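Please look over the sequence and structure first.

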Amino acid sequence: AVGKLSEALRSAAALDAGGRAMLFGEPKDWAAALRHLAPLVGETGPQAIGLGLLRARAFAKLEKHGEAARVAGTALTWLASAASTAAQGGSAAALAAAWAAGAGSGGGVSGRWERGTPRMLMAGLGSASALELGDVDKAKKYYQLVLRADPDQPEVSAKYKALKKLLKGLKNVDDLSQKGYYHRALDALEGCLADMKALQLSSGTFRSTVLLRQCRAMSQIKRHEEALEACDLAVQLREASGGAANLMREALEARADALGRDNDWDEALRDLASANDLAEKGGADEEQRQSLRRRQHEASQAQRLWRERRDHLSTLELPQNLGQLPHDKQCSWIKKQHRKFARKWHPDKYRGNSDRGARKMREVSEAKDSLTKQFRCK
């Protein structure tokens, strides 16, 4: 009797903590709920579904999305087993658990999936947490679990179609980029962002994949400022979400490419060094590590060439046939382009990254001095 009373008190405390967390939504309440629920992990019977749902909800609120997805998946697996046992004439506890979750006696995942039932809430939490992690395949599995049993479930059906549309749009972006149609790829990405909004997909990890595509495409068409802003934000989002080593490495490599195209080889080499460290620590295979080392070597060579034989004509966007023009035209071009870019990169005018602005200003001044001397302008 004492054991049963103790168990009942533990259940009451856990459910009370979970109730307070759901009512007030404070992080400390969700953490407290998890502490109270911890001794009850492994409970069976009707209360197992409610406790599993509370734990998944608490993990999601605390942004521990991996744990939320795992708990939801485990609970749904247990439900399928319990309802199957009930359907075969098993224990009353299994039957009660199936009914409590909204599964009825028709099996753990079969039949109508009604809005607001525990199993529907768990499927929603599991898919949302998977998307927060950027794990689209796992999110699709939660949707497919529901739709196999209830093909006409309206909410899940709409979300599944929206997710498939988004994935199809991203594949189209990749195809266009691979063919070199970067302007069209950027237009298609705008459509993907609209699809994300319709899906209410706020995952920083997933959004970072879109931003990296923007960064690569913009860099290819020399929209360096926008490209680097997109890459910087992608790196920040992955850092904030405690991104896995392979995801951080991907973002750093993409930004290194964009920095290199903007001739900022110092920063590109820093990102490649950080990516290489992650590759060594994060379980990258030997081929990936060799590829990174090769890219570091190539970037070092490009850095040396940029320092020793910088293309000053390109820095000031001067015509390549400048040397064939009359002397007065040569000097006029140099002065005009220097004024244009000095205004653009002047610290009082430029509103972008201050380090980039200072670097560009130095390059413009060096180009003007070198070309003025070369063409003997006054």
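What is the handedness of the link of Cys331 and Cys377, with -90° about the S-S bond? The link of Cys331 and Cys377 is left-handed.

This is a predicted model, in which local features need pLDDT of at least 70, side-chain atom pairs count only at pLDDT 80 or more, and totals for chains, interfaces and linings use all residues. Residues are numbered from 1 along each chain as its sequence is written, and side-chain values use heavy atoms, with hydrogens and water left out.

**Disulfides overall**
- The count comes to two disulfides, a disulfide being a pair of cysteine sulfur atoms within 2.5 Å.
- Counting bonded cysteines along the chain, the pattern is 1-2, 3-4.

**Cys331 and Cys377**
- A disulfide joins Cys331 to Cys377, with S to S at 2.0 Å.
- The pair links distant parts of the chain, 46 residues apart: Cys331 is in helix H16, and Cys377 is in the segment after H17.
- Helices here are DSSP runs (H or I, at least four residues), numbered from the N terminus.
- Cys331 counts as buried at 9% relative accessibility; buried means under 20% relative accessible area, with a 1.4 Å probe and protein chains only.
- Cys377, at 12% relative accessibility, also counts as buried.

**Cys215 and Cys231**
- Cys215 is joined to Cys231 by a disulfide, S to S 2.1 Å.
- The torsion about the S-S bond of Cys215 and Cys231 is about -95°, so this disulfide is left-handed.
- Cys215 lies in helix H10 (residues 204-220) and Cys231 in helix H11 (residues 224-240), 16 residues apart.
- Cys215 has 0% relative accessibility and counts as buried.
- Cys231 has 0% relative accessibility and counts as buried.

**Another cysteine**
- Cys192 counts as buried, at 1% relative accessibility.

**Helices H16 and H17**
- H16 (residues 327-345) packs with H17 (residues 354-374) at an angle of about 165°, their axes 9 Å apart.
- H16 is therefore roughly antiparallel to H17, a term for angles over 145 degrees.
- Axes are lines fitted to C-alpha atoms over the stretch in contact, and angles run from 0 to 180 degrees between N-to-C directions.
- The crossing of H16 past H17 is left-handed: the near helix is turned anticlockwise from the far one by less than a right angle.
- H16 makes the contact through Ile334, His338, Phe341, Ala342 and Trp345, where contact means heavy atoms within 4.5 Å.
- On the H17 side, the contact residues include Arg356, Gly357, Lys360, Met361 and Val364.

How values were computed. Helix = DSSP H or I, 4+ residues; strand = E, 2+ residues; numbered from the N terminus. Parallel < 35°, antiparallel > 145°, perpendicular 65-115°, else oblique. Buried < 20%, exposed > 50% of the residue type's maximum accessible area, 1.4 Å probe, protein only.
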